[in-house]
Amino acid sequence: METIRINVSLPKEVFVDLSKEAKSRKRSQFITEAIKRLVKEKRDKRLAAEYQEAAAEIRAINKELEGAIN
């Protein structure tokens, strides 16, 4: 996997917590996994909301068509 080097600023408390969980040479891997997990969670939530919106639209259309069919 190709990597890109970035510079990120963290609050000191976050850095301290990160340092407790991941050793110096493993921080990039830890941060990568955390970001992947958060991005997936946000994507899943967005897709679920879009699905709910589409389902509501379909229900509304079906309700309108009920009168036309009967």
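**Reading salt bridges in a helix**

Modeller: Start with Arg 46, which is partly exposed at 47% relative accessibility. Buried means under 20% relative accessible area, exposed over 50%, and partly exposed in between (1.4 Å probe, protein chains only). This is a predicted model: local features need pLDDT of at least 70, side-chain atom pairs count only at pLDDT 80 or more, and totals for chains, interfaces and linings use all residues. Residues are numbered from 1 along each chain as its sequence is written, and side-chain values use heavy atoms, with hydrogens and water left out.

Colleague: Which residue does Arg 46 meet in a salt bridge?

Modeller: Side chains of opposite charge can pair when their charged atoms come close. A salt bridge needs a side-chain nitrogen of Lys or Arg within 4 Å of a carboxyl oxygen of Asp or Glu. Here Arg 46 meets Glu 50, at 3.8 Å from N to O. Glu 50 is partly exposed, at 42%.

Colleague: How many salt bridges does the structure hold?

Modeller: Three. Lys 40 pairs with Asp 44 at 2.7 Å, N to O. Glu 41 pairs with Lys 45, their closest N and O atoms 3.6 Å apart.

Colleague: Where do Lys 40 and Asp 44 lie?

Modeller: Helices are DSSP runs (H or I, at least four residues), as are strands (E, at least two), numbered from the N terminus. Lys 40 and Asp 44 both lie in helix α2, residues 27-69. They sit four residues apart, about one turn of the helix. Glu 41 and Lys 45 have that four-residue spacing in helix α2.

Colleague: Is Lys 45 buried or exposed?

Modeller: Lys 45 is exposed, at 55%.
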